[in-house]
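Subject: Structure handover

Hello,

Here is the structure for your files. My notes on it follow below the entry.

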Amino acid sequence: MRYSTGSKFLRVAGFSIASFSLLVSGAMADSYRLVAGDTLEFMYSGLGEPAEVKIDINGQMRVVNVGGVTVAGLTLDEAEEKLEADIINSGMFIEPIVSLQLTEYAPVVVAGDVARPGRFEFTPGMTVASALALSGGSELAGISRYELQTTRSDLEARLKTANLEIATTVADIARYQAVLDGKDVVELSPELQALIPAKDAVDLSEIMSKSNLILQAEAAQEKELMSVWAEEIASIEKQIQLFGERIQVQQDIVASAADDLAKARDLQARGLQTNVGLAAAEQRDADARSREIELESARVLATQSVADAKAERSQYQSTRRTEALTFLKEDQVRVDSLSLQYSNILEQLALLTSGSISALLNSDTVNLTYVLQGPRADRVAPEDISDATTLLPGDTLVVYLEGMDLSPVVATAE
């Protein structure tokens, strides 16, 4: 004897999912019929644990050793009978006992002019209004003249800001180019001027004046640093020259001390020089040579200081050029980005000022139209669909503005 989990539940609680579906939708005259996307708990003789199976886009549920069994469009009882017959035909069981229970409804799809189009979990009693709320509501529904005018004012302000930012960035590009070219005046070439969408809308002379002031300040700082380095290098080079002169004098002293030492050794060899006199001559010779080495070391250090100062000066100039080149490239990319932003805002303004949107300014609100698609969409006439229309699992609700060709094309499996 056949039985189903739904039937047992009906006997125990006096209620079933199929009966519940009848309450959910007055438009359905018979028991709930399965659709693609429904999830079923499936159990039959020989299956150790119940299996949860979702009806695929082809309306089938997959059964091990049986394959795909088409159940879309059937009631739970009809689906159980179909599964029993297919299992018997597969030779798995002679008298299988099949049990099905609907555990999750197919989702409802909301598309078109809504804030968050997508799939939403079906709940009993769901209507067009509740589905619209789940999707964030229509993006244009209920927009007043004040809101449209405020939006347009905001776009116009953003357009002016983008234009000003482009002009300022273009002036920066001209300044960095002047640094790279070694010029002391910022000049805006015709090519750069052409990048500014609305030159008359900005005080270009004031912008260029500020850019020139920055260039002059940077040039003054560089000039001051170059002067400091030049004085430092000149001072050290003078010291090197003095070290050279002192070394020359010291070399004469070394030569004289060497002669005195040679004489002292000769006198001592003849017995005419004491050991004290010879030691004094040797000390003078050593002191003279040591002093010469000290002067040579000092000259080497001074020479290294000159090289370091020149390297720092060269590094500063190289870094300034590198930074100017880096900022130049970054600002060129920034101008491209701002230009795209400017164009995007222009397009939005053009849309707001077009005939269709301008017509909205003469009405209090925007009216919406609903289209119902899906395997059971024909249960409601298109002109009868309203906020109160009850939805069923697997329905697709399309929302668009009345009188405007904004309705998207939504494909659904039949």
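pLDDT is the predictor's confidence in each residue, on a scale from 0 to 100. Its mean over this chain is 82, and 83% of the residues reach 70 or more. The model is a predicted one: local features need pLDDT of at least 70 and side-chain atom pairs pLDDT 80 or more, while totals for chains, interfaces and linings use all residues. Numbering starts from 1 along each chain as its sequence is written, and side-chain values use heavy atoms, with hydrogens and water left out.

Confidence by region

The chain has 9 helices and 9 strands; these are DSSP runs numbered from the N terminus, helices (H or I) of at least four residues and strands (E) of at least two. The pLDDT is below 50 over residues 1-29, a stretch with 48 contacts in the model beyond near neighbours in sequence; a contact means heavy atoms within 4.5 Å. Residues 403-414 also stay under 50, with 18 contacts beyond four places in sequence.

Whole chain

Of the 414 residues, 35% count as buried, where buried means under 20% relative accessible area, exposed over 50% and partly exposed in between (1.4 Å probe, protein chains only). The chain exposes about 23900 Å², of which carbon and sulfur atoms supply 53%; the areas come from the Shrake-Rupley method with a 1.4 Å probe. Of the contacts with a separation of 6 or more, 67% are between residues 24 or more positions apart.

The sheet

Three strands form an open antiparallel sheet in the order E2-E1-E5; two strands pair if DSSP finds at least two bridges between them. Strand E2 (51-54) and strand E5 (98-104) each have a single partner strand, so one side of each is left without a neighbour in the sheet. Neighbouring strands are turned by 30° against each other on average, direction ignored. Strand E1 (residues 39-44) is joined to E2 by 4 bridges, and Phe42 has Ala51 in E2 as its bridge partner. Helix H3 lies across E1 and E5, at about 135° to E5; axes are lines fitted to C-alpha atoms, for helices over the stretch in contact, and angles run from 0 to 180 degrees between N-to-C directions.

Thr75 sits in the loop between strand E4 (67-70) and helix H3 (76-90). Thr75 is buried at 11% relative accessible area, and its contacts beyond four places in sequence are Ser31, Tyr32 and Arg33.

Aromatic pairs

Rings of Phe, Tyr and Trp (its six-membered ring) pair if their centres lie within 6.5 Å; planes under 30 degrees apart count as stacked, over 60 as edge-to-face and the rest as tilted. The count comes to 5 aromatic pairs. Tyr32 and Tyr105 have ring centres 5.5 Å apart and planes at 80°, so the pair is edge-to-face. Tyr32 lies in the loop between helix H2 (17-24) and E1, and Tyr105, 73 residues apart from it, in the loop between E5 and strand E6 (108-112). Both Tyr32 and Tyr105 are buried. Trp229 and Tyr316 form a tilted pair, 5.8 Å centre to centre with 50° between the planes. Trp229 is in helix H7 and Tyr316 in helix H8 (residues 275-352), so this pair ties together parts 87 residues apart in sequence. Trp229 is buried at 12% relative accessible area, whereas Tyr316, at 21%, counts as partly exposed. Ring pairs also link Tyr32, Tyr105 and Phe122 into a cluster.

Regards
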